[in-house]
Amino acid sequence: MAQGTVRSMNLRSMIKQNIRNYSMVMMLAVIMIAFAFLTDGVNLNSRNFTNIIIQNSYILLLAVGMILVIIVGNIDLSVGSVVAFIGAISAMLYNSGIGLFWTVVLSILVGLIIGVFQGVWIAYAKIPAFIVTLAGMMLFRGLTYIITNVSPIAIKDDEFKQLASGMVNIDALTVNNVYYTAIIVGAAVYLLYVLSEIIGRRSKIKYGFEVPPIGVFLFKIIIIGLLIMGLSQRFSTYRGIPTVVLVLGVTILFFSFITNNTVIGRYIYAVGGNARSAKLSGINSELVVFVVHVIMGGICGLAAVIFTGYMNSALPQAGVNFELDAISACFIGGASTSGGIGTVIGAIVGGLVMAAINNGMSLMNIQAPWQYVVKALVLLLAVYYDIYTRRKTGLG
Amino acid sequence: MSDYILEIKNLTKDFPGVRALDNVSLKVKRGEIHSICGENGAGKSTLMSVISGVYPKGSYEGKVFFKGTETHYHSVKDSERDGLAIIHQELALSPYLSIYENIFLGHMKTRFGIINWNKYIKESRHYLEQVGLHENPATIVSKMGVGKQQLVEIARALSKKVELLILDEPTSSLNDEESEKLLQLIRQLKAQGITCIMISHKLNEVLEIADTVTVLRDGKSISTYDVKQDQLTESRLIRDMVGRDLTTRFPEREHKVGEVVMEVKNWSVYHPDYHSIKVVDSASFYVRKGEIVAFCGPMGAGRTELMMSLYGQSYGSRSEGELYLFGKKVELRSPREAIQAGLGYVSEDRKNLGLILIQDVKSNISISSLPKLSRLGVVNTHEEISAAERYKEELRIKTPSIMQLTRNLSGGNQQKVALSKCLLADPEIFIVDEPTRGIDVGAKSEIYHILTDIVQKGKSIILVTSELPEAIGLADRIYVMNEGCIKGMLTREEATQEKIMHIALLN
């Protein structure tokens, strides 16, 4: 093939290959729209939008770590307890007056150390992750009770709280209660996205690789543009961009990049896809598993400070069932229970599906017990759909 | 005695791309010991699977008569009900259950769903007596050696009132004493009127025990001998087993052999679970630059185990011995170190060890070479895709795109992907384990060309193969292994199929 000729992909095969990614996003859209009808559009208003994100930010963060664990073929049941434990430690650290920055850094460090502890048992002592993290679940819950004396630790001032519910705004850009910082950040992010897409497409054409037809390419760019700008418009008309959105955004981008573009990312998929084959291919699979659990620990640390900030105190009962929410997010987002398959974006979409259902039902005054029932059914059906389409497209 | 307990007429069984059995006919007299011989892949195990109903009626052509009536088995259960039992090479006992539970597993009678174990424990003693196994029936089977486990299998068959007992390589994992005991037992069973079909590679045993021998070759029944009347000899059997034309053409090449690049001295490998059993016993060999060195021998000879152990301790609980690469003594503790030292390994078990089936062709090809294809830990996708495309062209991997999942490829193309992975990692010494197993003739010949190209570039290949023509057609030297030992070495000039079989089976 000559350089410069554009090889277009067959639209049909493209859809077939990506049907699972599309269907997850479609499901999220359908749920949002359905609740928009059921709640007269309340679920889409600026305030509610901001709240959904803040209230679920720590689950979404945990889902990013959890998806790595699930891709590598393991599971982590300890995250809820670890979040509670580090939350208590972070409250103590902060109250001792070392400042917010060091509180966050040290909390993440504690998370990494916990990750090292569990990772050693899992990767090198070869104890199944299920067992190690089940033990971790009990261990860190117990330690939380011990260090907190089973009573909440209040945060001494309001700075910590800003981590979860604070906004990032430039005052000069706020006119008539519209926070234009959000719009500008949104536009900047979008511009970067479009640029990277164009550069990527160009270089693919240059190397003679297949690219999607130009129409599809533009369609995708426009849809993503509508989403990003819509989201920043929502933020701008309430209180601006929440700090957690930035934290979350950076985390998602970073780990998407890690999983898609780096050697360690490929190794994670390889070990999860077939551990023995990966080992024979020269991969240090123990190290890969170990690193994944250390990352999970670090993310627990980050989620812990955000949750503590959100509650404005460290609760001994914090984080109960967080692991289940994070795991559900991953599986709704198309991860495979046997490892090797899953994406960071998928886990986030899965987490948002759960968040949208929770929020929509709360707005409709449907109580928590029914929310559990509905979420359970969504999980079952989503995974069934996943297995069904995979069988149909010959992927599993 | 002209009463046939089993008669097979014109049996043909096809697998996708391969004809495993081709118009096979076989007659087994009631009360005799009938031995079936043939090389690996001759169709012995397939034949037994058809007889015992593993492959149900309708999945093959031809007729099978058992006790005079045509069989219509849908599963092994049906054939067992008729009094036919098969004991596989890989024992099929439930390891954590006791002897008596294993004996009656699947065919015990219950009263209202409740088992009277005491009755069965008592009965099991009778069968254990019969097979000469003096153990407490409550012993957990995994705590006994393989030889005794085999006796439990036979006891299990007896408890099912077996009339025709099929033994697939019963002595392959037994020592001499155990083997002798087992053969003695088979004679006893014969005296009790039980007919036995025994598949075996050990020709001396076959001649010692069998009344009749049938030789299979390439899925065809070649000959049947009455051992006593025909004064059958081992040489005669070997000739029948290998006596085929070399149907595949092997690429011509210059045999330019350089200095020794790999040398192995007294390498022993211990079983992964049973730490005292040696799977490979003091193997010594060397490989020179530009050379294809073949390793032949029957299944279970220890070839794969030896190679995997050399490839960074990938098999076995531990190993002993010395490994020299390019004149330097090395200790390779993981496949990663082996690859760094210049070794490459293409596994015989493509699906489980060679490839990641849920990943695409590109990712499978690049997985061993990612550090080379990346900068600061970030993969250069373009280089990766170019490399994958290059091997797709060079090795003619038939796939719509390199984004295709490897599970959707045919066996031959999967093998090419596995070879590409190894080629991209660019080792000096390739260990290629059964590269043509289960792939069609066309792809085979392509693989031969790929291997030839590799050595022409000055690399070396260790070729583990069960197909003798392949070894003779490709290799500069052939090591013959059996029972964990290297039994001998032949050069390209002196190697014939008969000689290889003689070394493997007779020494």
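User: Where is B:K228 found?

Analyst: This is a predicted model. In it, B:K228 sits in the loop between β12 (220-226) and α8 (234-242) of chain B.

User: Is B:K228 buried or exposed?

Analyst: Exposed: B:K228 has 10 C-beta neighbours inside 10 Å, and a residue counts as exposed at 12 or fewer.

User: How far apart are B:K228 and B:T212 in space?

Analyst: Their C-alpha atoms are 8.5 Å apart, with a sequence separation of 16 residues.

User: Switching to chain A. At what angle do α7 and α8 of chain A pack?

Analyst: Helix α7 (residues 180-206) and helix α8 (residues 214-236) of chain A pack at about 165°, and their axes are 8 Å apart. The two helices, α7(A) and α8(A), are therefore roughly antiparallel, as angles over 145 degrees count that way.

User: And is the crossing left-handed or right-handed?

Analyst: α7(A) passes α8(A) in a right-handed crossing.

User: Which residues make that contact?

Analyst: From α7(A), they include A:Y180, A:V189, A:Y193 and A:R201. From α8(A), A:F217, A:I224, A:M229 and A:F235 are among them. By class, the contact of α7(A) with α8(A) has 15 nonpolar, 5 polar and 2 charged residues.

User: Now the contact between the chains. How many residues does it take from each?

Analyst: It takes 25 residues from chain A and 29 from chain B.

User: Which elements of chain B give two or more residues to the side touching chain A?

Analyst: Those are α10 (335-340), α11 (350-354), β20 (378-379) and α13 (381-394) of chain B.

User: How do the residues on that side of chain B divide?

Analyst: The side of chain B that touches chain A has 14 nonpolar, 13 polar and 2 charged residues.

Notes
Residues are numbered from 1 along each chain as its sequence is written. Chains are lettered from A and ligands numbered from 1 in the order in which they are written. This is a predicted model: local features need pLDDT of at least 70, side-chain atom pairs count only at pLDDT 80 or more; totals for chains, interfaces and linings use all residues. Two residues are in contact if their C-beta atoms, placed from the backbone, lie within 7 Å. Helices (H or I, at least four residues) and strands (E, at least two) are DSSP runs, numbered from the N terminus. Ala, Val, Leu, Ile, Met, Phe, Trp, Tyr, Cys and Pro count as nonpolar, Asp, Glu, Lys and Arg as charged, and the others, Gly among them, as polar. A residue is buried if 20 or more other C-beta atoms lie within 10 Å of its own, exposed if 12 or fewer, and partly exposed in between; C-beta atoms are placed from the backbone. Axes are lines fitted to C-alpha atoms, for helices over the stretch in contact, and angles run from 0 to 180 degrees between N-to-C directions. Angles under 35 degrees count as roughly parallel, over 145 as roughly antiparallel, 65 to 115 as roughly perpendicular and the rest as oblique. A crossing is left-handed if the near helix is turned anticlockwise from the far one by less than a right angle, and right-handed if clockwise.
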